[in-house]
Amino acid sequence: NAGTISSSNAAVDEDGDPINGGYAVGLWLAETINLDNSGTISTDGNFGVYCYICADLTLTNSGTISTAEQIPLSVRLATGTNTITNSGTISAGSSKGVDIRRAANLTLNNSGTISAKGNAVLAMNAFAPTIINSGTITSTAGAATKSGIDLSQNTDGDLGSGATITNSGTIEALGTNADGIKIGDGTGVYNDVTITNSGTILGVDDSIWIDGSGTTGTNIITREDATYTGEIDMDSAAVTMTL
């Protein structure tokens with residue numbers, strides 16, 4: 001797409017019901033998807049690109065994917081091998097930016113901008129995601145407790161683990177009690193996270209918060225002129241720090 005794809009919740013049928021639910025691009029149970037956007041995909045409704053239980057997605061964005069309300073890019077429950085490459089802009093007026101909850105084997109490579117009023121990248125319960133950032137990932141000041149990257153758990157079973165985050169750009173959360181990167185939560189731990197930072201990780205509360213003393217396998221590797229703004233809160237978890 002080098003043009004414009006847009007949708008609106010204002011589109012209704014003769015009974016007054018939404019025709020498309022605010023999806024600019026809606027994909028359910030699709031397989032082997034190649035989506036290349038250098039134009040604009042937008043909605044004033046729910047989702048820009050909604051790829052639900054997809055398999056083998058390749059998405060390249062050098063343009064703009066945006067929503068006024070909910071999630072510009074949702075790849076929940078993806079299986080197979082999935083790659084998202086963003087050198088453009090992915091932005092949410094509220095809610096999440098990139099949603100990869102419970103996705104498996106997904107690589108997100110960002111050299112552009114991902115921003116949201118909520119979690120910029122929501123990787124709750126994700127299985128072995130790889131997040132490479134040389135651009136900017138921002139949870140804006142309107143989100144008091146959200147994160148730049150959220151690796152939390154919302155269930156005590158079927159837990160995600162094994163994330164790799166490599167940052168040479170900026171990962172930030174600007175809300176009053178927000179964290180640059182959050183690992184685990186009060187429901188469950190998120191184990192075996194490796195963070196390699198040669199850029200900036202910033203949280204108005206914590207740069208990195210490991211929420212759960214039972215979390216294991218966290219390795220934080222600091223290279224070159226890396227910066228952490230906000231403390232690294234380990235919450236009694238066993239963490240390896242490598243300089």
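## Reading a structure strand by strand

Me: Which residue stands opposite Lys182 in strand 22?

Reply: Trp209 is the residue of strand 22 that stands opposite Lys182. Before we go on, please note that this is a predicted model, where local features need pLDDT of at least 70, side-chain atom pairs count only at pLDDT 80 or more, and totals for chains, interfaces and linings use all residues. Residues are numbered from 1 along each chain as its sequence is written, and side-chain values use heavy atoms, with hydrogens and water left out.

Me: Thanks! How many helices and strands are there in the protein chain?

Reply: Both are DSSP runs numbered from the N terminus: helices are H or I over at least four residues, and strands are E over at least two. The protein chain has zero helices and 25 strands.

Me: In which sense do strand 20 and strand 22 pair?

Reply: In general, strands of a sheet pair through backbone hydrogen bonds, either parallel or antiparallel. Here two strands count as paired if DSSP finds at least two bridges between them. Strand 20 and strand 22 (residues 200-210) pair in the parallel sense, over four bridges. Strand 20 also has a parallel pairing over four bridges with strand 17 (residues 147-151), where Ile149 stands opposite Ile181.

Me: How many residues of strand 20 are buried?

Reply: Buried means under 20% relative accessible area, exposed means over 50%, and partly exposed lies in between (1.4 Å probe, protein chains only). In strand 20 (residues 179-183), five of the five residues are buried, so the strand is largely enclosed by the rest of the structure. For the protein chain, buried residues make up 50% of the 243 residues.

Me: What is the order of the strands in the open sheet?

Reply: The order is 3-6-9-12-15-18-21-23-25, nine strands with parallel pairing. Strand 3 (31-37) and strand 25 (239-242) stand at the edges with a single partner strand each, so one side of each has no neighbour in the sheet. From one strand to the next, the twist averages 5 degrees (axes are lines fitted to C-alpha atoms, for helices over the stretch in contact, with angles from 0 to 180 degrees between N-to-C directions). Inside that order, strand 15 (residues 130-133) and strand 18 (residues 164-167) pair over four bridges in the parallel sense, and Thr130 stands opposite Thr164.

Me: Which residues does Asn219 touch?

Reply: A contact means heavy atoms within 4.5 Å. Asn219 belongs to strand 23 (residues 218-222). Leaving aside residues up to four places away in sequence, Asn219 touches Val193, Thr194, Ile195, Thr240 and Thr242. In the protein chain, among contacts between residues at least 6 apart in sequence, 68% join residues at least 24 apart.

Me: How many disulfides does a search of the whole structure find?

Reply: A disulfide is a pair of cysteine sulfur atoms within 2.5 Å, and the search finds one. It joins Cys51 to Cys54, with S to S at 2.0 Å. The torsion about that S-S bond is about -120 degrees, so the disulfide is left-handed. Cys51 and Cys54 are both buried.

Me: What links Trp28, Phe47, Tyr50 and Tyr52 into a cluster?

Reply: Ring pairs do. A pair of aromatic rings is described by the distance of the centres and the angle of the planes. Rings of Phe, Tyr and Trp (its six-membered ring) pair if their centres lie within 6.5 Å; planes under 30 degrees apart are stacked, over 60 edge-to-face, and the rest tilted. The whole structure holds three aromatic pairs. For Trp28 and Tyr50, the ring centres are 5.5 Å apart and the planes stand at 70 degrees, so the pair is edge-to-face. This pair links distant parts of the chain, with Trp28 in strand 2 (residues 23-28) and Tyr50 in strand 5 (residues 47-52), 22 residues apart. The rings of Phe47 and Tyr50 have centres 4.3 Å apart and planes at 40 degrees, so that pair is tilted. Trp28 counts as partly exposed because its relative accessibility is 46%, whereas Tyr50, at 7%, counts as buried.

Me: Is Asn125, with its positive phi, buried or exposed?

Reply: Most residues other than glycine have a negative phi, and most peptide bonds are trans. Asn125 has a positive phi of about 60 degrees and sits in the loop between strand 14 (121-122) and strand 15. At 2% relative accessibility, Asn125 counts as buried. Glu224 also has a positive phi, near 55 degrees, in the loop between strand 23 and strand 24 (227-233). At 71% relative accessibility, Glu224 counts as exposed.
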